[in-house]
Each structure stands twice: as structure tokens, then as C-alpha cells.
Amino acid sequence: MGKGNRNFQNAKRGRGRTNNTRTDKFANSLDDYLSRMNLKEKKSEPESSSEEETCSENESNDEEIDIPFPVAMWDLNHCDPKRCSGRKLAKLDLITELRLGQRFSGLCLSPVGVNCVSPSDRDVVAAHGASVIDCSWARIEETPFNKMKSSHPRLLPYLVAANPVNYGKPSKLNCVEALAAAFYITGFKDIAKHYLSRFGWGPTFIEINKELLEAYSSCKDSREVIEKQNEFLDKSRKERENERDEIDLPPSYSDYEDDETDEEEN
């Protein structure tokens, strides 16, 4: 377990790091969304390459950024510590760990939310912060959500994961991706990029979701976010169907028979 912020009332400061590593070329199309975005699958890196970067390496850049609100998580210890983005954020002092039963007064990204996070949540995040539940998607049914309460539970709209564990899978975001998405949508784009910059693959999350993130961040409320999401999914589905219809097929056997009949008649 890493140490978190000991005082919710104090603004946090961290050092940003520009990621100079260019995103690898992709190899295969993943789904209709990635095909539409004209992206291909990123080749997997060794598990320890990005998740085990040291704090000193991440602090090598002189750029600074203020985190003017609390960022927290409930850690259910479901994840492999070497792959857990939440634990890495805790080690970097970018997130505070909460106890089960401890309430968080800000926004919480949770499957039990009713509304999607939207730009209308900006004031809540600015005043009370944002939190996330660090649990495994494979063990979602056994997660005690009733012990992790927040005044503002929220869902995330459709986005595609860029983390090495669930790369290319819709909605299977890890902790840092979920937080970054919430920051981006609520207007804290620099903070979103700052958190993602601590992971070698992090900037790719914004790259492959840029169109959607920009669309969501331009909405007024949760209802408009859902409308933008559904418009995008409907458009992607229709484009995939059109591409399937435009595939050139070889002539059928009956076509050859028709040609032979025409020759005999002539």
C-alpha cells in the first residue's frame, strides 16, 4: 500500500512528466469503434515495463501541476499489485486510500451510479473531489458497494480501455483511466493528462478516445452525454453494416449457368 494524502483540505502538488515515447503502430483491428477511428491494436509490452516505473523517474521533469481537490479510492485488493494502477497512484501520492465504510463526499465512479458523469459535475469535483473503486471486473458480483458510499455516485459513458490488461475492450477501464475520463469530461483536462502521464501506455487512452471525450466534455448534463454516446454507437454500427454490404463477392454458380445459357442461345 502506498501513502495517500493525509489532509483532504490541502491542495496536492505533483510533478508532471511529458511522455516522449511514441505510440507503437497497431497490428490488428479490434472492433467497430477502433476500426472507425482507423486505429490498430498496440503490441503488448512486458507486464513490468510500464507498471513498475519508479517514482524518481516520474519526478524527473520540472513541470508542476496543482491538484486542487481530493482524489481517493477504495482498494479491494483484487488486482495484481504489479498491474494495479490505483496502487501506483498511491505510491506517487496522487490518491488517498479510503477504508471500507468510510464515506466520500465528492463524486464516485461506481457501477451503482444512476447518472453518467458530465460537465455539470465540475463544481462537485472542484469542491469535494473524485473517487474510484479499485476492484476486479471479474469479481464485480462480490464487491461490497454498500460499504463504499458517496454523495455523488456516477457512471462513465462508453469509452475504450488502453491499459495492457483490457486493451481495446469497451468500458473495461482501470482506476487511472476512469479518473482521467472523469477529469477530462468535467473540464480538468490537464489533470487527466497528468495522471495518465505516469504510465507508459497512459496517453494512448486519450488518443483512442479523443473524439468521444471531446464530445462528452461539450455536453451540458448527463442526458446529453448519453445522447452523444448513443449517436456514436449507432453511427459506428451503421458504418460497420455498410462496410459488410460493400464487400465484393465472387460470382455464384448460378451466374456461370446463366452465362452458358446465353452463349447457347446465341
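Visitor: How do strand E3 and strand E7 pair, parallel or antiparallel?
Guide: Parallel, over five bridges. E3 covers residues 71-75 and E7 covers residues 130-134. Keep in mind that this is a predicted model.

Visitor: And which residue stands opposite Asp134 in E7?
Guide: Asp75 does.

Visitor: What's the strand order in the open sheet?
Guide: The order is E4-E3-E7-E5-E8-E6. That makes six strands, with parallel pairing.

Visitor: Which are the edge strands?
Guide: E4 (96-98) and E6 (115-116). Each of them pairs on one side only.

Visitor: Switching to cysteines. How many disulfides?
Guide: The count is zero, taking a disulfide as two cysteine sulfurs within 2.5 Å.

Visitor: Is Cys84 buried or exposed?
Guide: Buried, because its relative accessible area is 4% and the cut-off for buried is under 20%.

Visitor: What about Cys219, buried or exposed?
Guide: Cys219 also counts as buried, at 5% relative accessibility.

Visitor: Now the helices. At what angle do the axes of H8 and H9 cross?
Guide: Roughly 150 degrees, and the axes come within 9 Å. H8 spans residues 202-217 and H9 spans residues 222-245. Angles over 145 degrees count as roughly antiparallel, so H8 and H9 are roughly antiparallel to each other.

Visitor: Left-handed or right-handed crossing?
Guide: H8 and H9 cross in the right-handed sense.

Visitor: Which residues make the contact?
Guide: From H8, Glu211, Leu212, Ala215 and Tyr216. From H9, Val225, Lys228, Gln229 and Phe232.

Notes:
Residues numbered from 1 in each chain as written. Predicted model: local features only at pLDDT ≥ 70, side-chain atom pairs only at ≥ 80, totals over all residues. Heavy atoms only, no water. Pairing = 2+ DSSP bridges. Helix = DSSP H or I, 4+ residues; strand = E, 2+ residues; numbered from the N terminus. Buried < 20%, exposed > 50% of the residue type's maximum accessible area, 1.4 Å probe, protein only. Axes fitted to C-alpha atoms, helices over the stretch in contact; angles between N-to-C directions. Parallel < 35°, antiparallel > 145°, perpendicular 65-115°, else oblique. Left-handed = near helix turned anticlockwise from the far one by under 90°. Contact = heavy atoms within 4.5 Å.
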